[in-house]
Amino acid sequence: MLTPLLSPDATVLDFGCGPGFLAREIDARVREVIALDVSRGTLACARALNPGPSYVLSPGPGLPVGDGRIDFVYSVAVFQHLDPVDWPAYFREFRRVLRPGGSGLCHFAISDEQPAAYRKPRGLRGCYSLRFEESTTEAVVDSLTEAGFADVVVTAMTDVGGIDDDVGRQHMVTFRRAPAA
Ligand SMILES: C[S@@+](CC[C@H](N)C(=O)[O-])C[C@H]1O[C@@H](n2cnc3c(N)ncnc32)[C@H](O)[C@@H]1O
């Protein structure tokens, strides 16, 4: 899904890289991957397991990346685990770090009929369970559009990769920062 969107001279940002398996694959196809995560432990695993990308701690919405430095940003299996109230701050940051004309792809869990809401379990499970929340197409498109992105396109994963499982029924959303006038 990502390969057609990459070019060999691109500087790419992976937001929420986890242990870096995808970042390493992408790193082999572009000039540079800057891979961000909020977790020091995860980044330590990524550096050991998947060397190549530049792994950088990113503790909050202010991304540790210069203005206009990125050609392409992607994020897989992250936004469905964040509170949608926090999305706009991250999307504004994506826009800031993308060069004019740069683009991005984010993975979302979308259900326009009955979006699954997050219910935090009690007790120990509540401490360690991963938050998961589905969104609507409208919420995702509005949030990216309000952050200043154009060409926001929502595609079911299964239409791209022929994946027929729970991930296949989720979505990827591409967007673009308008080129300089
Ligand atoms: C389910 S994992 C996905 C990892 C990787 N993208 C993949 O597909 O294998 C979600 C990752 O997002 C990271 N994460 C969660 N909130 C974040 C935030 N606000 N900023 C950066 N990373 C974040 C987590 O630490 C975790 O490594």
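## Around the ligand

A nitrogen atom of the ligand is 3.2 Å from a polar backbone atom of valine 38. This is a polar contact, meaning a pair of N or O atoms within 3.5 Å. Taken alone the ligand exposes 600 Å², and the protein buries 74% of that (areas by the Shrake-Rupley method with a 1.4 Å probe).

In total, 14 residues surround the ligand, and Gly16, Asp37, Val38, Val76 and Tyr90 are the closest (a residue counts if one of its heavy atoms lies within 4 Å). Sorted by class, this shell has eight nonpolar, five polar and one charged residues; Tyr counts as nonpolar here, and Gly as polar.

## Paired strands

Now for the strands, which are DSSP runs of E with at least two residues, numbered from the N terminus. Strand 7 (residues 171-176) pairs with strand 5 (residues 98-108) in the antiparallel sense over six bridges (pairing needs at least two bridges).

## About the model

This is a predicted model, where local features need pLDDT of at least 70 and side-chain atom pairs 80 or more, while totals for chains, interfaces and linings use all residues. Residues are numbered from 1 along each chain, and side-chain values use heavy atoms, without hydrogens and water.

Note on methods:
A polar contact is a pair of N or O atoms within 3.5 Å; within protein, one must be able to donate a hydrogen and the other to accept it, and residues adjacent in sequence count only if both atoms are side-chain atoms. Helices (H or I, at least four residues) and strands (E, at least two) are DSSP runs, numbered from the N terminus.
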